[in-house]
Amino acid sequence: MRPPWEALAVRARGLSAHLLDEERLGALRRSTEPQAVARLLRDTAYAPFLPPHDASAAALDLAVARSLAHRLGTLARWTGSDVRALEPLFLEEDVRSVRGVLRGILGGVAPERRLAGAVPTPALGRAALETLAQAGSAGSVAATLVAWGHPFGSPLLEEAARARPDPFRLEGVLARSFAERASVSAKRVRDRAVRAFVREAIDAANLVTALLLVGVRTETPPTKLWVEGGERPTRDDFERAVATPG
């Protein structure tokens with residue numbers, strides 16, 4: 001299958017033309033207050049998603065997430081019957097969303113805060129994300145994903161159903177599930193850029209895991225949290241990094 005990459009690329013460039021230029025990005029980096037950020041975003045592509053009377057950090061975060069979701073939805077519609085061509089991109093967002101919900105449940109965070117920054121996708125739309133956020137346990141999240149036929153559901157179910165799920169193991173399952181499904185999807189569309197995107201996403205996940213594991217005691221051996229499919233770091237790099245003192 002060869003998706004209509006040329007047409008998608010042209011349209012994606014059209015979307016990006018309305019985003020922030022370097023001058024505006026520089027001003028945002030120098031901003032120290034949410035109100036200043038809101039002012040800088042007022043006449044940009046983010047403006048339609050900004051609440052009129054709320055310039056809090058949480059409101060701005062939600063506005064940016066909704067703006068991204070709108071653009072991803074536009075790209076999904078433009079793929080037509082080839083929507084699975086962008087599956088790795090959507091799966092990466094699903095990982096973030098499900099991870100946020102699981103962390104929120106295990107950390108006792110209120111349901112409305114579990115979706116901070118979550119971006120709806122064709123597989124997990126806004127209503128689906130809100131349903132997951134209301135779940136009472138990690139096992140309930142996994143069971144719901146299984147019922148919906150989402151690829152993360154079955155892999156999560158065994159660990160999530162434990163009386164005391166291990167957060168590291170849950171995140172390891174999510175990362176491996178993404179790597180396996182996204183790698184298969186990238187091979188199916190036969191596109192070099194998509195394969196590179198998947199490898200880089202796996203690399204990023206391994207780097208973040210290494211940072212989280214340094215100096216932390218966990219029941220799970222670090223080697224069990226390594227995800228195959230990337231390029232850098234290597235498994236040896238990962239193990240050395242985790243073994244460092246800080």
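This is a predicted model: local features need pLDDT of at least 70, side-chain atom pairs count only at pLDDT 80 or more; totals for chains, interfaces and linings use all residues.
How many helices and how many strands make up the secondary structure of the protein? The secondary structure comes to eleven helices and zero strands.

**The whole chain**

Begin with the entire protein in a cartoon view. Read along the sequence, the elements follow the pattern α-α-α-α-α-α-α-α-α-α-α. The radius of gyration is 19 Å, close to the 18 Å that the globule rule gives for 246 residues, so the protein is as compact as a globular protein of that length. Along the principal axes, the C-alpha atoms fill a box of roughly 50 × 45 × 40 Å. Of the 246 residues, 39% are buried. Contacts between residues at least 6 apart in sequence may also be considered: 56% of them join residues at least 24 apart.

**Helix α2**

Next, select residues 22-30, which form helix α2. Which residues of this helix are buried? They are G26, A27 and L28.

**The largest pocket**

Now turn to the empty space. Rolling a probe the size of a water molecule over the atoms shows where such space is left. The largest pocket of this model has a volume of about 440 Å³. To find the pocket, select W5, A12, L75, L86 and L89, which are the closest to its centre among the 19 residues that line it. Then colour the elements that give two or more residues to the lining: α1 (5-16), α4 (57-79), α5 (87-106) and α10 (192-213). Which element gives the largest share of the lining? That element is α1, with six residues. Colouring the lining by class shows 16 nonpolar, one polar and two charged residues.

**S67 in helix α4**

Remain with helix α4 and select S67, which lies in this helix. Is S67 buried or exposed? Its relative accessibility is 0%, and S67 therefore counts as buried. Display A45, Y46 and F49 as well: S67 touches these residues, when those up to four places away in sequence are not counted.

**L157 in helix α8**

Move to residues 153-160, helix α8, and select L157 within them. Leaving out residues up to four places away in sequence, L157 touches G139, A142, A143 and V146. For a view across the model, draw a line from the C-alpha atom of L157 to that of K187; the two residues are 30 apart along the chain, and these atoms are separated by 27 Å.

**The aromatic pair**

The final stop concerns aromatic rings. A pair of such rings is described by the distance of the centres and the angle of the planes. How many aromatic pairs does the structure hold? It holds one. Select W226 and F238: the ring centres are 5.4 Å apart and the planes stand at 55°, so the pair is tilted. W226 is found in the loop between α10 and α11 (235-243), whereas F238 is in helix α11, and the two are twelve residues apart. Both partners may be checked for accessibility. W226 has a relative accessibility of 9% and therefore counts as buried. F238, at 1%, likewise counts as buried.

Methods: Residues are numbered from 1 along each chain as its sequence is written. Side-chain values use heavy atoms; hydrogens and water are left out. Buried means under 20% relative accessible area, exposed over 50%, partly exposed in between (1.4 Å probe, protein chains only). Helices (H or I, at least four residues) and strands (E, at least two) are DSSP runs, numbered from the N terminus. On a 1 Å grid over the protein atoms alone, a cavity is a set of points where a 1.4 Å probe fits but cannot get out, and a pocket is an open set with protein on both sides within 12 Å along at least five of seven lines; lining residues have an atom within 4 Å of a point. Grid points are joined across faces, edges and corners, and a volume is the space filled by probe spheres set on the points. Ala, Val, Leu, Ile, Met, Phe, Trp, Tyr, Cys and Pro count as nonpolar, Asp, Glu, Lys and Arg as charged, and the others, Gly among them, as polar. Contact means heavy atoms within 4.5 Å. Rings of Phe, Tyr and Trp (its six-membered ring) pair if their centres lie within 6.5 Å; planes under 30 degrees apart count as stacked, over 60 as edge-to-face and the rest as tilted. The radius of gyration is taken over C-alpha atoms; the globule rule is 2.2 Å times the number of residues to the power 0.38.
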